[in-house]
2 protein chains.
Amino acid sequence: MSMFENGLEKNPANYVALTPITFIERAAAIHPERLSVIHGTLRLTWRQSYERARRLASALAKRGIGHGDTVAVMLPNIPAMIDVHFGVPMAGAVLNTLNTRLDACAIAYMLEHGEAAAVIVDREFSAVMQEALAGLPKRPLVIDVDDPEFNGPGERIGDIEYESFLADANPEYAWMPPADEWNAIGLNYTSGTTGLPKGVVVHHRGAYLNAVSNILAWPLPRHPVYLWTLPMFHCNGWCFPWTVAAQAGVNVCLRRVDAALIWAAIRDYRVTHYCGAPIVHNLILHADPAMRAGVTHRVSAMVAGAAPPPAMIEGLDRIGFELVHVYGLTEVYGPTVVCEPHEDWATLGAGERAALNARQGVRYPLQECVTVVDPETLQPVPADGETIGEIVFRGNITMKGYLKNPDATQAAFKGGWFHSGDLGVLCPDGYIKIKDRSKDIIISGGENISSIEVEDVLYRHPAVMAAAVVAMPHDKWGETPCAFVELKAQAHATEQELIEHCRRQLAGFKVPRVVIFGELPKTSTGKIQKFELRQRVRSTQAIDP
Amino acid sequence: MSMFENGLEKNPANYVALTPITFIERAAAIHPERLSVIHGTLRLTWRQSYERARRLASALAKRGIGHGDTVAVMLPNIPAMIDVHFGVPMAGAVLNTLNTRLDACAIAYMLEHGEAAAVIVDREFSAVMQEALAGLPKRPLVIDVDDPEFNGPGERIGDIEYESFLADANPEYAWMPPADEWNAIGLNYTSGTTGLPKGVVVHHRGAYLNAVSNILAWPLPRHPVYLWTLPMFHCNGWCFPWTVAAQAGVNVCLRRVDAALIWAAIRDYRVTHYCGAPIVHNLILHADPAMRAGVTHRVSAMVAGAAPPPAMIEGLDRIGFELVHVYGLTEVYGPTVVCEPHEDWATLGAGERAALNARQGVRYPLQECVTVVDPETLQPVPADGETIGEIVFRGNITMKGYLKNPDATQAAFKGGWFHSGDLGVLCPDGYIKIKDRSKDIIISGGENISSIEVEDVLYRHPAVMAAAVVAMPHDKWGETPCAFVELKAQAHATEQELIEHCRRQLAGFKVPRVVIFGELPKTSTGKIQKFELRQRVRSTQAIDP
């Protein structure tokens, strides 16, 4: 033992577990009367939000829910959803946020697999939850949230209503940080497009570091007015419930993503920041320009969840939105790669700048490493912008593993890297650019076609609202690209027009042989469900002209 | 073991030791061609700075210096001083920065106590270092820094010159993060005003967290132009060598604190940020206004090291400097308390705002706790702004302890708190205000007099440049306040005038009985050495009028 260890051990004064719970305590202590939440006519301060979280922790603890227990929630972006991000871990329990679009079968699977000891459910989703609960061997404690802002149908199904649950609890509950910062804080099931969902277990240390990283990466100023366009059930809202508390900002709640509601919130509450998948930004961008009336301040937007088409980046630029492009996965707490801008990009043309910004970028400030490796050797690919490899991560903003799934966990961490399953290249400046999910690459006559490259070209057509390109079986080439396109309202384009548009900008073998028009199937987080499109074309054969 | 632990252990992909070394790697990877250092005519980029640090680590490793070894440095704020903050820990060694004003006896004590394996010394300090080395039982490896910007006297005394040491080393040295983030990164001797200096041991985890906290607390934007007015030997420059790397900023070096040099640097390099003790800010503020010519941009200043007089805060406000007031000690990595402003303070008058800003404030964003406790019960004092207690800390930005000094370590951590030895009050809004060091309180007729309160009044007199108030023995009252005052150049004031000035604003028993004019003795970090003043008055007796 060196002299720097001897007698210099950890003690309660110099070592405390890292946990994002401390951020709400700090906000409440220093800015008690600042707004924490806006929801319809409801206004909360940080003092009140902290009290609500402590009440929730106390109420859970009173019912014996604590360390190692799971609390599942099925909630839109409402105040209770912010409470649970603090109150559940304050009780020592693990927060499992359920996707609100899940069916009863998937919910039942997650409640059983995650061993939920309690369920908190919004009345909007009570019917599907009731169905899910009916299939469980043991019914957990069920708490209804009856949001005054929700006027739709749905019965209370639980043992107690959420506000009563809080009312009867201790607002000064003496919560403790976790005994170990490696303890789980969240359980997030990946909305796997095939197979059983996997339960991603994330810990206090990682949540803390990524919450801070969000501030540095954006960068997010003190006291932002943050609009909840991104579902909090998705990777804990990319850690933003904790990030907004760390900066003592305002959470502007939003039960559903709707262009008119979003523009009204931006105008009325002077929203400064919001996050979302490309589909959300396109919705905002292509909304009736009349909705923008009265918005004169600058808005900062963060995009991830799918590669944003350069045309979208240019469009936001045009309406004066500052865009930060980030990339990540549930397994790395949401975004943990950022397309950090260089000052000299500002001097470039809009198109060139958008192309640079459309790249996924570099590691988050507090993530240790992200790179692209050869899948066989696990050595980094050359930074030539061409050699495709797998995007891999190493660092503290990486999950503990998959719950009760040692095989998947081991595979995910093969060779000392977390394997994203996404394919990309390293550009000469070290920035990563995604080429595709492994399974989305189209292989035509032995040549790889990046579906994203073809989609980017389609998005540049003025009539295109959304586009997805998948492989279509082809008797000669093996596969050829097939495009699914959703047009903007009141816009028109023919199949031949779009094919011609692509031919002008792409090599012949990359041009879609077929274009199919219609609304695209999307997940609740705005990801286009390519697996469904792929199924549609599975039985089809392209006939070469 | 709960299901959230089972099979979900740490592995190399999801757990990496926190260390601020990673910040220079990131800056070099993402912004390789951005300026990292300006020093006279020298310009370095982050790619070059990272290479230099790796060369240094490689050269040290080649000589067998690594884990558990100490590398002592005696350097002004020059490029080598930035290198060592990365290169020494990259080698696994511990950086011991020596105060450049120390005498040979103190240096010899620290080199021996800290068991320095190598010493890096600037030619300016080679004479005193030579003298110190002569007294050591075993001479360490000695490396001379011969800075081209230094034209003064001083011989090379070492085995090799620093640039040659680097030249012969590996610029791609494969450094490793520490095996444990609790490993020591720094050894900083407190310039104790009495007794033997104590060796404060700080670790990678704390340095990492405080480097990030500096960004959040200021807040410091990306790519700041940071002027090195604060000595890097003082608590590792409050962690700013790591902070500036984390934001890929520019380090503007400065061999000595001089008003003309500072204003020239602010103008020529468009300096955006600097730190310093109140004395440094006063020097800048009271410099010949002609020096300010050409400075039109906004400058942000951080002040700590001693309580800033409200008059100084107002003065900086007047010349358009934004001031952030922080507070800390060597034991907590420099500042870890910040007077975080509230938006509504902006609507107050300058005097009222300065009074609020003169308070030490609240915990740093990533420090877990700071409060004021009753020294007997260790319970927080009431937040009444009046009850005096000791300022104590708990959290990750707190030292490991004092090197080879278990008694002092145990005393410092008594009852699960780090004890600062500073006395303060909790204001009703939770902000801390320092009243004094325990030993600086003046007890007159059983009443406590805060020397800071009396000094603040003296600073409001237009002729006063610096003021210090200490206890003077008094046969009737035990002690009474005695003021030492340094006047501004070309300014005049008599003892009677200053006493009258105090009488108008203070209760009678707080008014200094005696005012002594002359230059005040200061430490190299600008702290006024009250112990010396106290010695001067020890034999004196005040005679009551």
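Where does B:Gly446 lie? I started my notebook with that one.

**Entry 1: a glycine in a loop**

I found B:Gly446 in the loop between strand S22 (442-444) and strand S23 (447-449) of chain B. For the element names I rely on DSSP runs: helices are H or I runs of at least four residues, strands are E runs of at least two, and both are numbered from the N terminus. With 7 C-beta neighbours inside 10 Å, B:Gly446 counts as exposed. My cut-offs are these: a residue is buried if 20 or more other C-beta atoms lie within 10 Å of its own, exposed if 12 or fewer, and partly exposed in between, with C-beta atoms placed from the backbone. I also looked up B:Gly478, which is 32 residues from B:Gly446 along the chain; their C-alpha atoms are separated by 8.3 Å.

A note on what I am looking at: this is a predicted model, in which local features need pLDDT of at least 70, side-chain atom pairs count only at pLDDT 80 or more, and totals for chains, interfaces and linings use all residues. Residues are numbered from 1 along each chain as its sequence is written, while chains are lettered from A and ligands numbered from 1 in the order in which they are written.

**Entry 2: strands of chain B**

Next I followed strand S24 (residues 464-474) of chain B, which is joined to strand S25 (residues 478-487) by 10 bridges and runs antiparallel to it. I count two strands as paired if DSSP finds at least two bridges between them. S24(B) and S25(B) form a hairpin, with three residues between them. Across this pair, B:Val470 has B:Cys482 as its bridge partner. S25(B) also pairs with strand S26 (residues 514-517) of chain B, in the parallel sense and over four bridges.

I then turned to strand S8 (residues 184-189) of chain B. Six of its six residues are buried, so S8(B) is largely enclosed by the rest of the structure. Its antiparallel pairing with strand S9 (residues 199-203) of chain B runs over five bridges, and B:Asn188 stands opposite B:Val200 there.

**Entry 3: an open sheet in chain A**

In which order do the four strands of the open sheet in chain A come? I read S17-S18-S20-S21, with antiparallel pairing. Strand S17 (369-373) and strand S21 (432-437) stand at the edges with a single partner strand each, so one side of each has no neighbour in the sheet. Neighbouring strands are turned by 45° against each other on average, direction ignored; the axes are lines fitted to C-alpha atoms, for helices over the stretch in contact, and angles run from 0 to 180 degrees between N-to-C directions. Inside the sheet, four bridges join S18 (residues 389-394) to S20 (residues 418-426), and A:Gly389 is partnered with A:Gly424.

**Entry 4: two helices**

Which residues of helix H13 (residues 350-357) of chain A are buried? I noted A:Ala354, A:Leu356 and A:Asn357. Seen down the axis of H13(A), they fall within an arc of 160° (taken from the directions from the helix axis to the C-beta atoms), so they line one face of the helix. The face turned away carries the exposed residues A:Gly351 and A:Glu352. Helix H12 (310-318) and strand S14 (321-329) of chain A are among what covers the buried residues.

Helix H15 (residues 451-459) of chain B has eight of its nine residues buried, so it is largely enclosed by the rest of the structure.

**Entry 5: a tryptophan and a valine**

I picked A:Trp228, in the loop between strand S10 (225-227) and helix H8 (235-238) of chain A. A:Trp228 is buried, with 29 other C-beta atoms within 10 Å. A:Val252 is 24 residues from it in sequence and 6.0 Å away in space, C-alpha to C-alpha. Beyond four places in sequence, A:Trp228 has contacts that include A:Asn77 and A:Val252; contact is when C-beta atoms, placed from the backbone, lie within 7 Å.

**Entry 6: the two chains together**

Last, I checked where the chains meet: 49 residues of chain A are in contact with 50 residues of chain B. On the chain A side, the largest share, four residues, comes from H1(A).

Key. Two residues are in contact if their C-beta atoms, placed from the backbone, lie within 7 Å.
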